[in-house]
Number of protein chains: 2
Amino acid sequence: MPAAIDFHYDYSSPYGYFAATRIEALAARHGRQVTWRPLLLGVVFKVSGGAPLPSLPLKGDYGKRDIPRFARLLGVPFRMPSKFPVSGTAASRATLWVRNTAAERTGALTLALYRAFFVDDRDISSPEVVAEVAATAGFDRAAVLAAINDGAIKDQLKNEVEAAIAAGVFGSPFVVIDGEPFWGADRLDQVERWLATGGW
Amino acid sequence: MPAAIDFHYDYSSPYGYFAATRIEALAARHGRQVTWRPLLLGVVFKVSGGAPLPSLPLKGDYGKRDIPRFARLLGVPFRMPSKFPVSGTAASRATLWVRNTAAERTGALTLALYRAFFVDDRDISSPEVVAEVAATAGFDRAAVLAAINDGAIKDQLKNEVEAAIAAGVFGSPFVVIDGEPFWGADRLDQVERWLATGGW
(Lines give C-alpha, C1' and ligand atoms only; values in the text may rest on other atoms or scores of the structure.)
Protein backbone atom coordinates (compact mmCIF):
# COMPACT_ATOMS: atom_id res chain seq x y z
CA MET A 1 0.00 0.00 0.00
CA PRO A 2 1.39 3.45 -0.86
CA ALA A 3 2.36 5.78 1.99
CA ALA A 4 -0.25 7.98 3.63
CA ILE A 5 -0.26 11.59 2.52
CA ASP A 6 0.53 14.27 5.10
CA PHE A 7 -2.13 16.90 5.70
CA HIS A 8 -0.78 19.85 7.71
CA TYR A 9 -3.31 22.35 9.01
CA ASP A 10 -3.77 25.07 11.60
CA TYR A 11 -7.04 25.25 13.50
CA SER A 12 -7.36 28.99 12.84
CA SER A 13 -7.00 28.54 9.09
CA PRO A 14 -10.23 28.79 7.07
CA TYR A 15 -8.42 27.38 4.05
CA GLY A 16 -7.25 24.48 6.22
CA TYR A 17 -10.88 23.87 7.18
CA PHE A 18 -12.01 23.92 3.55
CA ALA A 19 -9.33 21.42 2.52
CA ALA A 20 -10.04 19.24 5.57
CA THR A 21 -13.60 18.70 4.34
CA ARG A 22 -12.21 17.12 1.15
CA ILE A 23 -8.81 15.58 1.79
CA GLU A 24 -9.85 12.19 3.12
CA ALA A 25 -12.21 11.41 0.22
CA LEU A 26 -9.67 12.78 -2.23
CA ALA A 27 -6.91 10.54 -0.85
CA ALA A 28 -9.23 7.51 -0.74
CA ARG A 29 -9.99 7.90 -4.45
CA HIS A 30 -6.33 7.08 -5.03
CA GLY A 31 -5.94 4.37 -2.42
CA ARG A 32 -4.24 6.62 0.10
CA GLN A 33 -4.80 7.35 3.73
CA VAL A 34 -4.27 10.72 5.40
CA THR A 35 -1.97 11.49 8.29
CA TRP A 36 -3.57 14.47 10.04
CA ARG A 37 -0.84 16.83 11.21
CA PRO A 38 -2.07 19.80 13.25
CA LEU A 39 0.28 22.76 12.95
CA LEU A 40 0.78 25.94 14.98
CA LEU A 41 1.19 28.73 12.46
CA GLY A 42 2.21 31.12 15.23
CA VAL A 43 5.37 29.05 15.70
CA VAL A 44 5.91 28.73 11.95
CA PHE A 45 5.63 32.49 11.47
CA LYS A 46 8.58 33.06 13.80
CA VAL A 47 10.72 31.23 11.25
CA SER A 48 8.99 32.26 8.03
CA GLY A 49 8.36 35.91 8.87
CA GLY A 50 4.69 35.33 8.09
CA ALA A 51 1.78 36.86 10.00
CA PRO A 52 -1.92 36.11 10.53
CA LEU A 53 -3.98 37.09 7.50
CA PRO A 54 -6.21 39.66 9.25
CA SER A 55 -3.11 41.64 10.30
CA LEU A 56 -1.81 42.04 6.75
CA PRO A 57 -2.56 45.28 4.87
CA LEU A 58 -4.47 44.70 1.61
CA LYS A 59 -4.15 40.90 1.85
CA GLY A 60 -6.27 40.85 5.01
CA ASP A 61 -9.09 42.71 3.26
CA TYR A 62 -8.84 40.35 0.32
CA GLY A 63 -9.10 37.39 2.68
CA LYS A 64 -12.33 38.77 4.13
CA ARG A 65 -13.78 38.54 0.64
CA ASP A 66 -12.03 35.44 -0.66
CA ILE A 67 -12.69 33.20 2.33
CA PRO A 68 -16.52 33.33 2.35
CA ARG A 69 -16.54 33.28 -1.45
CA PHE A 70 -14.40 30.13 -1.45
CA ALA A 71 -16.71 28.55 1.13
CA ARG A 72 -19.78 29.29 -1.01
CA LEU A 73 -18.07 27.82 -4.07
CA LEU A 74 -17.30 24.60 -2.20
CA GLY A 75 -20.70 24.50 -0.54
CA VAL A 76 -19.05 24.40 2.88
CA PRO A 77 -20.90 26.08 5.77
CA PHE A 78 -18.84 28.99 7.09
CA ARG A 79 -19.18 31.96 9.40
CA MET A 80 -16.22 34.13 10.34
CA PRO A 81 -15.58 33.57 14.07
CA SER A 82 -16.08 36.61 16.28
CA LYS A 83 -12.63 36.00 17.80
CA PHE A 84 -10.06 35.23 15.11
CA PRO A 85 -7.40 33.92 14.97
CA VAL A 86 -7.23 31.90 18.20
CA SER A 87 -4.61 29.54 19.54
CA GLY A 88 -4.92 26.02 18.16
CA THR A 89 -2.78 24.49 20.89
CA ALA A 90 -5.54 22.75 22.87
CA ALA A 91 -7.29 21.51 19.72
CA SER A 92 -4.01 20.28 18.26
CA ARG A 93 -3.07 18.36 21.41
CA ALA A 94 -6.49 16.70 21.50
CA THR A 95 -6.03 15.79 17.86
CA LEU A 96 -2.68 14.17 18.47
CA TRP A 97 -4.16 12.15 21.32
CA VAL A 98 -6.88 10.83 19.03
CA ARG A 99 -4.30 10.10 16.33
CA ASN A 100 -2.24 8.17 18.88
CA THR A 101 -5.16 6.13 20.15
CA ALA A 102 -7.72 5.90 17.33
CA ALA A 103 -5.99 7.22 14.20
CA GLU A 104 -8.90 6.46 11.86
CA ARG A 105 -11.07 8.93 13.79
CA THR A 106 -8.62 11.87 13.58
CA GLY A 107 -10.36 13.36 10.58
CA ALA A 108 -13.72 13.21 12.32
CA LEU A 109 -12.38 15.06 15.36
CA THR A 110 -10.63 17.61 13.16
CA LEU A 111 -13.82 18.39 11.27
CA ALA A 112 -15.84 18.58 14.47
CA LEU A 113 -13.38 21.14 15.90
CA TYR A 114 -13.21 23.12 12.66
CA ARG A 115 -17.02 23.26 12.47
CA ALA A 116 -17.23 24.32 16.11
CA PHE A 117 -14.94 27.24 15.29
CA PHE A 118 -15.91 28.18 11.75
CA VAL A 119 -19.62 27.42 11.84
CA ASP A 120 -20.76 27.59 15.46
CA ASP A 121 -18.37 30.33 16.59
CA ARG A 122 -17.08 28.35 19.57
CA ASP A 123 -13.75 29.47 21.01
CA ILE A 124 -11.66 26.34 20.44
CA SER A 125 -8.67 27.88 22.17
CA SER A 126 -10.41 26.77 25.38
CA PRO A 127 -9.55 23.22 26.56
CA GLU A 128 -13.08 22.90 27.98
CA VAL A 129 -14.64 23.77 24.64
CA VAL A 130 -12.34 21.32 22.84
CA ALA A 131 -13.29 18.57 25.28
CA GLU A 132 -16.98 19.35 24.90
CA VAL A 133 -16.80 19.31 21.11
CA ALA A 134 -14.84 16.06 21.23
CA ALA A 135 -17.42 14.55 23.59
CA THR A 136 -20.22 15.47 21.19
CA ALA A 137 -18.21 13.71 18.47
CA GLY A 138 -18.07 10.57 20.60
CA PHE A 139 -14.78 10.91 22.44
CA ASP A 140 -14.29 10.68 26.19
CA ARG A 141 -14.48 14.16 27.63
CA ALA A 142 -12.25 13.57 30.65
CA ALA A 143 -9.65 11.71 28.60
CA VAL A 144 -9.47 14.58 26.11
CA LEU A 145 -9.00 17.13 28.89
CA ALA A 146 -6.29 14.96 30.40
CA ALA A 147 -4.55 14.66 27.03
CA ILE A 148 -4.53 18.44 26.57
CA ASN A 149 -2.61 18.72 29.84
CA ASP A 150 -0.39 15.68 29.26
CA GLY A 151 3.33 16.52 29.14
CA ALA A 152 4.04 13.80 26.60
CA ILE A 153 1.40 15.17 24.22
CA LYS A 154 2.72 18.69 24.72
CA ASP A 155 6.19 17.49 23.71
CA GLN A 156 4.76 15.54 20.79
CA LEU A 157 3.04 18.64 19.41
CA LYS A 158 6.20 20.70 19.83
CA ASN A 159 8.23 18.06 18.02
CA GLU A 160 5.64 17.71 15.26
CA VAL A 161 5.60 21.44 14.57
CA GLU A 162 9.40 21.58 14.54
CA ALA A 163 9.56 18.60 12.18
CA ALA A 164 7.00 20.22 9.89
CA ILE A 165 9.01 23.44 9.72
CA ALA A 166 12.18 21.43 9.09
CA ALA A 167 10.34 19.73 6.21
CA GLY A 168 9.51 23.14 4.70
CA VAL A 169 5.90 23.51 5.81
CA PHE A 170 4.96 27.18 6.20
CA GLY A 171 1.22 27.49 5.62
CA SER A 172 -2.17 25.85 5.99
CA PRO A 173 -3.30 23.66 4.40
CA PHE A 174 -0.08 22.04 3.28
CA VAL A 175 -0.16 18.58 1.71
CA VAL A 176 2.91 16.41 1.21
CA ILE A 177 2.70 13.39 -1.10
CA ASP A 178 5.80 11.16 -1.02
CA GLY A 179 7.90 14.25 -0.27
CA GLU A 180 6.20 16.50 -2.85
CA PRO A 181 4.79 19.67 -1.22
CA PHE A 182 1.54 21.46 -2.13
CA TRP A 183 0.46 24.62 -0.32
CA GLY A 184 -3.06 25.95 -0.29
CA ALA A 185 -6.68 24.88 -0.61
CA ASP A 186 -6.41 26.03 -4.22
CA ARG A 187 -3.81 23.34 -4.89
CA LEU A 188 -6.14 20.41 -4.22
CA ASP A 189 -6.69 19.95 -7.94
CA GLN A 190 -2.93 19.55 -8.34
CA VAL A 191 -2.85 17.21 -5.34
CA GLU A 192 -5.50 15.07 -7.01
CA ARG A 193 -3.69 15.07 -10.32
CA TRP A 194 -0.39 14.19 -8.64
CA LEU A 195 -2.01 11.25 -6.89
CA ALA A 196 -3.68 10.12 -10.10
CA THR A 197 -0.63 10.41 -12.34
CA GLY A 198 2.34 10.00 -10.02
CA GLY A 199 3.59 13.46 -10.93
CA TRP A 200 4.47 15.47 -14.02
CA MET B 1 -20.68 44.87 -24.19
CA PRO B 2 -19.60 44.03 -20.64
CA ALA B 3 -16.63 45.85 -19.16
CA ALA B 4 -13.09 44.62 -19.78
CA ILE B 5 -11.55 42.63 -16.96
CA ASP B 6 -8.46 44.05 -15.28
CA PHE B 7 -5.33 41.92 -15.36
CA HIS B 8 -2.66 43.20 -12.95
CA TYR B 9 0.81 41.68 -13.25
CA ASP B 10 4.42 42.29 -12.34
CA TYR B 11 7.09 41.49 -14.91
CA SER B 12 9.16 39.59 -12.33
CA SER B 13 6.25 37.35 -11.38
CA PRO B 14 6.36 33.80 -12.81
CA TYR B 15 2.74 33.30 -11.78
CA GLY B 16 1.88 36.52 -13.60
CA TYR B 17 3.56 35.09 -16.69
CA PHE B 18 1.64 31.82 -16.43
CA ALA B 19 -1.69 33.62 -16.11
CA ALA B 20 -0.77 36.04 -18.92
CA THR B 21 -0.53 33.10 -21.33
CA ARG B 22 -4.19 32.27 -20.65
CA ILE B 23 -6.10 35.39 -19.64
CA GLU B 24 -6.96 36.77 -23.07
CA ALA B 25 -8.43 33.51 -24.39
CA LEU B 26 -10.20 32.95 -21.08
CA ALA B 27 -11.79 36.41 -21.19
CA ALA B 28 -12.72 36.02 -24.86
CA ARG B 29 -14.64 32.82 -24.11
CA HIS B 30 -16.99 35.01 -22.09
CA GLY B 31 -17.14 37.98 -24.44
CA ARG B 32 -14.72 40.07 -22.42
CA GLN B 33 -11.62 42.01 -23.26
CA VAL B 34 -8.59 42.40 -21.02
CA THR B 35 -7.10 45.63 -19.73
CA TRP B 36 -3.42 44.85 -19.19
CA ARG B 37 -2.24 46.60 -16.04
CA PRO B 38 1.50 46.27 -15.34
CA LEU B 39 2.23 46.57 -11.64
CA LEU B 40 5.41 47.25 -9.64
CA LEU B 41 5.34 44.83 -6.72
CA GLY B 42 8.30 46.62 -5.13
CA VAL B 43 6.04 49.63 -4.62
CA VAL B 44 3.14 47.46 -3.46
CA PHE B 45 5.33 45.70 -0.88
CA LYS B 46 6.05 49.02 0.84
CA VAL B 47 2.34 49.19 1.66
CA SER B 48 1.55 45.49 2.09
CA GLY B 49 4.67 44.48 4.00
CA GLY B 50 5.25 41.80 1.37
CA ALA B 51 8.63 40.79 0.00
CA PRO B 52 9.98 39.06 -3.11
CA LEU B 53 9.41 35.31 -2.97
CA PRO B 54 13.10 34.26 -3.12
CA SER B 55 13.83 36.32 0.01
CA LEU B 56 11.21 34.52 2.11
CA PRO B 57 12.32 31.67 4.40
CA LEU B 58 10.55 28.37 3.60
CA LYS B 59 8.18 29.99 1.10
CA GLY B 60 11.08 30.86 -1.19
CA ASP B 61 12.21 27.24 -1.28
CA TYR B 62 8.67 26.13 -1.98
CA GLY B 63 8.47 28.60 -4.84
CA LYS B 64 11.58 27.10 -6.43
CA ARG B 65 9.71 23.83 -6.59
CA ASP B 66 6.18 25.05 -7.25
CA ILE B 67 7.00 27.47 -10.08
CA PRO B 68 8.61 25.01 -12.52
CA ARG B 69 6.08 22.36 -11.53
CA PHE B 70 3.23 24.76 -12.31
CA ALA B 71 4.86 25.60 -15.66
CA ARG B 72 5.11 21.92 -16.59
CA LEU B 73 1.49 21.36 -15.66
CA LEU B 74 0.37 24.21 -17.90
CA GLY B 75 2.77 23.26 -20.68
CA VAL B 76 4.30 26.74 -20.57
CA PRO B 77 8.03 27.02 -21.41
CA PHE B 78 9.92 28.29 -18.37
CA ARG B 79 13.47 28.69 -17.14
CA MET B 80 14.31 30.52 -13.93
CA PRO B 81 16.15 33.72 -14.90
CA SER B 82 19.76 33.94 -13.72
CA LYS B 83 19.00 37.39 -12.27
CA PHE B 84 15.69 37.41 -10.36
CA PRO B 85 13.72 39.41 -9.48
CA VAL B 86 14.51 42.44 -11.65
CA SER B 87 12.85 45.84 -11.94
CA GLY B 88 9.85 45.82 -14.23
CA THR B 89 9.82 49.60 -14.61
CA ALA B 90 11.11 49.81 -18.19
CA ALA B 91 8.94 46.91 -19.37
CA SER B 92 5.89 48.38 -17.65
CA ARG B 93 6.39 51.80 -19.23
CA ALA B 94 6.75 50.26 -22.68
CA THR B 95 3.58 48.30 -22.01
CA LEU B 96 1.60 51.41 -21.09
CA TRP B 97 2.81 53.11 -24.26
CA VAL B 98 1.53 50.22 -26.35
CA ARG B 99 -1.73 50.22 -24.42
CA ASN B 100 -2.11 53.94 -25.09
CA THR B 101 -1.39 53.66 -28.79
CA ALA B 102 -2.39 50.13 -29.88
CA ALA B 103 -4.32 48.60 -26.97
CA GLU B 104 -5.19 45.38 -28.80
CA ARG B 105 -1.48 44.54 -29.04
CA THR B 106 -0.73 44.96 -25.31
CA GLY B 107 -1.07 41.27 -24.61
CA ALA B 108 1.33 40.40 -27.41
CA LEU B 109 3.98 42.77 -26.05
CA THR B 110 3.45 41.50 -22.51
CA LEU B 111 3.95 37.89 -23.58
CA ALA B 112 7.02 38.79 -25.64
CA LEU B 113 8.60 40.49 -22.63
CA TYR B 114 7.64 37.69 -20.25
CA ARG B 115 9.13 35.10 -22.62
CA ALA B 116 12.30 37.15 -23.01
CA PHE B 117 12.69 37.07 -19.23
CA PHE B 118 11.33 33.67 -18.25
CA VAL B 119 12.38 31.62 -21.28
CA ASP B 120 15.34 33.38 -22.89
CA ASP B 121 16.88 34.77 -19.68
CA ARG B 122 17.07 38.32 -21.04
CA ASP B 123 17.42 41.08 -18.44
CA ILE B 124 14.23 43.04 -19.09
CA SER B 125 15.15 45.65 -16.49
CA SER B 126 17.27 47.15 -19.30
CA PRO B 127 15.45 49.69 -21.52
CA GLU B 128 17.58 48.55 -24.46
CA VAL B 129 16.55 44.94 -23.99
CA VAL B 130 12.89 45.95 -23.69
CA ALA B 131 13.14 47.98 -26.91
CA GLU B 132 14.84 45.10 -28.70
CA VAL B 133 12.24 42.58 -27.58
CA ALA B 134 9.48 44.98 -28.58
CA ALA B 135 11.11 45.50 -31.98
CA THR B 136 11.22 41.74 -32.56
CA ALA B 137 7.50 41.70 -31.71
CA GLY B 138 6.87 44.31 -34.40
CA PHE B 139 6.98 47.57 -32.46
CA ASP B 140 9.12 50.59 -33.31
CA ARG B 141 12.37 50.31 -31.38
CA ALA B 142 13.11 54.02 -31.15
CA ALA B 143 9.53 54.86 -30.16
CA VAL B 144 9.63 52.29 -27.38
CA LEU B 145 12.90 53.69 -26.02
CA ALA B 146 11.45 57.18 -26.15
CA ALA B 147 8.34 56.02 -24.30
CA ILE B 148 10.42 54.46 -21.54
CA ASN B 149 12.01 57.86 -20.96
CA ASP B 150 8.81 59.87 -21.43
CA GLY B 151 7.79 61.87 -18.35
CA ALA B 152 4.09 61.45 -19.09
CA ILE B 153 4.43 57.65 -19.25
CA LYS B 154 6.48 57.69 -16.04
CA ASP B 155 3.67 59.58 -14.33
CA GLN B 156 1.07 57.27 -15.83
CA LEU B 157 2.80 54.20 -14.42
CA LYS B 158 3.14 55.80 -11.01
CA ASN B 159 -0.55 56.70 -11.02
CA GLU B 160 -1.58 53.25 -12.24
CA VAL B 161 0.36 51.52 -9.47
CA GLU B 162 -1.08 53.84 -6.85
CA ALA B 163 -4.59 53.29 -8.18
CA ALA B 164 -4.07 49.52 -8.12
CA ILE B 165 -2.95 49.63 -4.49
CA ALA B 166 -5.90 51.86 -3.63
CA ALA B 167 -8.15 49.25 -5.26
CA GLY B 168 -6.65 46.55 -3.03
CA VAL B 169 -4.25 44.90 -5.46
CA PHE B 170 -1.28 43.36 -3.61
CA GLY B 171 0.03 40.50 -5.73
CA SER B 172 0.57 39.14 -9.22
CA PRO B 173 -1.42 38.02 -11.06
CA PHE B 174 -4.48 39.83 -9.75
CA VAL B 175 -7.69 39.82 -11.79
CA VAL B 176 -10.61 42.14 -11.14
CA ILE B 177 -13.98 41.39 -12.76
CA ASP B 178 -16.56 44.15 -12.29
CA GLY B 179 -14.95 44.99 -8.94
CA GLU B 180 -14.55 41.36 -7.80
CA PRO B 181 -10.89 40.54 -6.97
CA PHE B 182 -9.08 37.25 -7.63
CA TRP B 183 -5.45 36.80 -6.62
CA GLY B 184 -3.16 34.15 -8.04
CA ALA B 185 -2.62 31.98 -11.08
CA ASP B 186 -4.40 29.26 -9.15
CA ARG B 187 -7.59 31.31 -9.10
CA LEU B 188 -8.07 31.29 -12.88
CA ASP B 189 -10.61 28.49 -12.55
CA GLN B 190 -12.61 30.71 -10.23
CA VAL B 191 -12.15 33.65 -12.63
CA GLU B 192 -13.56 31.52 -15.43
CA ARG B 193 -16.48 30.35 -13.34
CA TRP B 194 -17.24 33.90 -12.20
CA LEU B 195 -17.31 35.06 -15.83
CA ALA B 196 -19.47 32.12 -16.84
CA THR B 197 -21.99 32.40 -14.01
CA GLY B 198 -21.89 36.04 -12.95
CA GLY B 199 -20.80 35.07 -9.47
CA TRP B 200 -21.91 32.80 -6.65
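Modeller: We can go through confidence, then how the two chains are related, then where they touch.

Colleague: Great. What kind of model is it?
Modeller: This is a predicted model.

Colleague: What is the mean pLDDT of chain A?
Modeller: The mean for chain A is 97, and 100% of its residues reach 70 or more.

Colleague: And which ipTM and pTM does the model score?
Modeller: It has an ipTM of 0.93 and a pTM of 0.95.

Colleague: Moving on, what rotation superposes chain A on chain B?
Modeller: A rotation of 180° does that, with 0.0 Å of shift along its axis and an RMSD of 0.0 Å. That is how a two-fold axis relates copies.

Colleague: Which C-alpha of chain A is nearest the axis?
Modeller: The one belonging to Asp186(A), which sits 3.1 Å from the axis.

Colleague: What surface do the copies use for each other?
Modeller: The same surface serves both: 100% of the contact residues of chain A recur in chain B.

Colleague: How many residues does the contact take from each chain?
Modeller: There are 21 residues from chain A and 21 residues from chain B.

Colleague: Last one: what classes of residue are on the side of chain A that touches chain B?
Modeller: That side has 10 nonpolar, five polar and six charged residues.

How values were computed
Residues are numbered from 1 along each chain as its sequence is written. Chains are lettered from A and ligands numbered from 1 in the order in which they are written. This is a predicted model: local features need pLDDT of at least 70, side-chain atom pairs count only at pLDDT 80 or more; totals for chains, interfaces and linings use all residues. Copies are superposed by least squares on the C-alpha atoms of residues with pLDDT of at least 70 in both. Two residues are in contact if their C-beta atoms, placed from the backbone, lie within 7 Å. Ala, Val, Leu, Ile, Met, Phe, Trp, Tyr, Cys and Pro count as nonpolar, Asp, Glu, Lys and Arg as charged, and the others, Gly among them, as polar. pLDDT is the predictor's confidence in each residue, from 0 to 100.
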